[in-house]
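Please work through the exercises below with the sequence and the model at hand. Each task is followed by a worked solution.

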Amino acid sequence: MSSAHHAKGAHLLPEDLTAPLEATLVRSPGEPELRRALAAIITVLTGQLERSDPALAARLRTMLTELAGSNHGPDLPPGHTSDHR
């Protein structure tokens, strides 16, 4: 599938909309970096929700905050990591 159709016109969006998304880009495949990018995505998402649907933002805030701060994946019990050393 061609990527030419993805984000078509994104360069035309105002910088105040696109600038916060820069922090969501993953710079390396390591777990700390993926967690940092996830936290950035959640920050952008909650900010957009607060502007567009404050009631939904209030309902999701706790769950999203816990997801961003989680030290274990959804399939791992608390206290375990995905390290397989």
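Predicted model: local features only at pLDDT ≥ 70, side-chain atom pairs only at ≥ 80, totals over all residues.

**Exercise 1.** Determine whether Glu33 is buried or exposed, and state which residues it contacts beyond its neighbours within four places in sequence.

*Solution.* Step 1: locate the residue; Glu33 belongs to helix H2, which covers residues 31-52. Step 2: apply the cut-off, under which buried means under 20% relative accessible area. Glu33 has a relative accessibility of 13%, and therefore counts as buried. Step 3: list the contacts; with neighbours within four places set aside, Glu33 touches Leu25, Val26, Arg27 and Ser28.

**Exercise 2.** Identify the salt-bridge partners of Arg35 and Arg36, and place each pair in the helix.

*Solution.* Step 1: Arg35 pairs with Glu31 at 2.8 Å, N to O. These two residues are four apart in helix H2, about one turn of the helix. Step 2: Arg36 pairs with Glu33, with 2.7 Å between the closest N and O atoms. Here the spacing is three residues, again in helix H2 and about one turn.

**Exercise 3.** How many salt bridges does the structure hold, and which residue pairs with Arg61?

*Solution.* Step 1: the count is three salt bridges. Step 2: Arg61 is joined to Glu50, the closest N and O atoms lying 3.0 Å apart. This pair links distant parts of the chain, with Arg61 in helix H3 (residues 54-69) and Glu50 in helix H2, eleven residues apart. Step 3: Arg61 is partly exposed at 36% relative accessibility, and Glu50 is partly exposed at 39%.

Methods. Residues numbered from 1 in each chain as written. Heavy atoms only, no water. Buried < 20%, exposed > 50% of the residue type's maximum accessible area, 1.4 Å probe, protein only. Contact = heavy atoms within 4.5 Å. Salt bridge = Lys/Arg side-chain N within 4 Å of Asp/Glu carboxyl O.
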